[in-house]
Amino acid sequence: MSAFHTSTLTCLAPAKLNLFLHIIGRRADGYHQLQTAFQLLDWGDTLHFTLRNDNLIKRRTLLANIPEEIDLSVRAARLLQEHTGCSLGVEIEIDKRLPSGAGLGGGSSDAATTLLALNRLWGLHLFREQLQNLALSLGADVPLFIFGRNAFGEGVGEKLQSLDLPSRHFLIITPSIQVLSAKIFAAQELTRDTKNIRITDFLAQKRNSLSWPDNFGRNDMQPVVANHYPEVAQAIEWLSQIAPTRMTGSGASVFAAFPTKAAALAAQANVPPIWHSAVAASIERHPLFDFAQ
């Protein structure tokens with residue numbers, strides 16, 4: 001990596017969608033074995049980093065219900081500092097756009113963006129694989145954003161293979177609730193024995209169907225969430241009248257794909273005001289992809 005000198009960075013922390021999400025088993029440690037396809041978006045939180053010459057790590061932004069000591073971006077900075085012995089510090093500001101508890105990967109993306117940004121800002125030159133290994137201790141989705149590409153995910157979501165996905169726009173609707181992931185994963189009615197597939201099974205649909213990848217698989221958590229949270233069920237029912245609809249992650253956000261931005265915006269214009277909505281475009285790589293090798 002070439003020399004890089006700056007004292008500030010402003011970075012997008014992109015959201016993700018799970019185009020499908022299968023639960024194929026449960027590990028001895030209680031974690032669930034998943035298979036999924038991750039789609040990165042051009043929409044997310046924006047983080048601002050200001051270099052400090054001491055070793056202090058501070059968050060400048062006051063975030064409701066997220067104290068600084070549990071904020072994933074702050075935890076990521078402290079983890080990287082401890083792992084590398086770096087004597088520099090940072091001040092972090094967060095423009096929070098992604099709803100919390102929505103299945104969009106907001107906190108995980110913030111953490112990964114922090115690791116990538118500080119790898120550059122602190123001049124650490126860690127390789128991508130090193131950062132991914134470090135990221136897993138912060139959460140199962142964090143390695144995806146370090147990986148930095150649309151991906152087929154396995155394991156708890158950390159085993160990743162890059163995917164070439166079509167360019168599209170998405171309408172994302174989020175009811176004003178927070179879905180408790182632990183509650184959904186613990187639900188007795190949750191399916192945990194979906195048949196294991198191969199990435200080639202997913203890619204084969206690309207050759208055989210004009211509606212790929214929207215017609216592939218399902219989100220195994222969707223019926224459970226819809227049963228426990230009627231607001232999510234209502235959003236799915238409403239959006240399904242316009243286009244094929246699926247929930248991302250453990251919810252609460254649901255989404256539909258459109259071939260053009262104009263089509264997505266036209267659908268958004270009719271979204272009931274009780275729900276948060278956004279139109280976002282697909283992207284191929286994380287904006288900070290080049291900040292690791």
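Alanine 252 is placed in the loop between strand S8 (245–247) and strand S9 (254–258). Strands (E, at least two residues) and helices (H or I, at least four) are DSSP runs, numbered from the N terminus. The model is predicted: local features need pLDDT of at least 70, side-chain atom pairs count only at pLDDT 80 or more, and totals for chains, interfaces and linings use all residues. Residues are numbered from 1 along each chain as its sequence is written, and side-chain values use heavy atoms, with hydrogens and water left out.

The peptide bond from glycine 251 to alanine 252 is cis, with omega near 15 degrees. A cis bond also links tryptophan 212 to proline 213, with omega near 0 degrees. Proline 213 sits in the loop between helix H6 (199–208) and helix H7 (222–228). Most peptide bonds are trans, and most residues other than glycine have a negative phi. Histidine 125, a residue other than glycine, has a positive phi, near 60 degrees. Histidine 125 is found in the loop between H2 and H3. Its relative accessibility is 41%, so histidine 125 counts as partly exposed. The classes are buried (under 20% relative accessible area), exposed (over 50%) and partly exposed (in between), with a 1.4 Å probe and protein chains only. Glycine 123 lies in the loop between H2 and H3. Glycine 123 is partly exposed, at 37% relative accessible area.

Two packed helices are described by the angle between their axes and the distance between the axes. The axes of helix H1 (residues 72–84) and helix H2 (residues 106–121) come within 8 Å and cross at roughly 35 degrees. Axes are lines fitted to C-alpha atoms, for helices over the stretch in contact; angles run from 0 to 180 degrees between N-to-C directions. The crossing of H1 and H2 is right-handed, meaning that the near helix is turned clockwise from the far one by less than a right angle. On the H1 side, the contact is made by Leu72, Ser73, Ala76, Ala77 and Leu80. Their partners in H2 are Gly107, Ser108, Asp110, Ala111, Thr114, Leu115, Leu118 and Asn119. Contact means heavy atoms within 4.5 Å. The residues of this contact divide into seven nonpolar, five polar and one charged. Ala, Val, Leu, Ile, Met, Phe, Trp, Tyr, Cys and Pro count as nonpolar, Asp, Glu, Lys and Arg as charged, and the others, Gly among them, as polar.

Helix H3 (residues 128–135) buries Arg128, Leu131, Gln132, Leu134 and Ala135. Seen down the axis of H3, these buried residues fall within an arc of 160 degrees, so they line one face of the helix. The arc is that of the directions from the helix axis to the C-beta atoms. Glu129 and Asn133 are exposed on the other side of H3. The buried residues of H3 pack against H1, H2, helix H4 (142–147) and strand S6 (159–162).

Zero disulfides are found in a search of the whole structure. A disulfide is a pair of cysteine sulfur atoms within 2.5 Å. The sulfur of cysteine 11 is 16 Å from the closest cysteine sulfur, that of cysteine 86, too far for a bond. Cysteine 11 is buried, at 3% relative accessibility. Cysteine 86 is also buried, with a relative accessible area of 13%. The C-alpha atoms of cysteine 86 and glycine 123 are separated by 9.4 Å.
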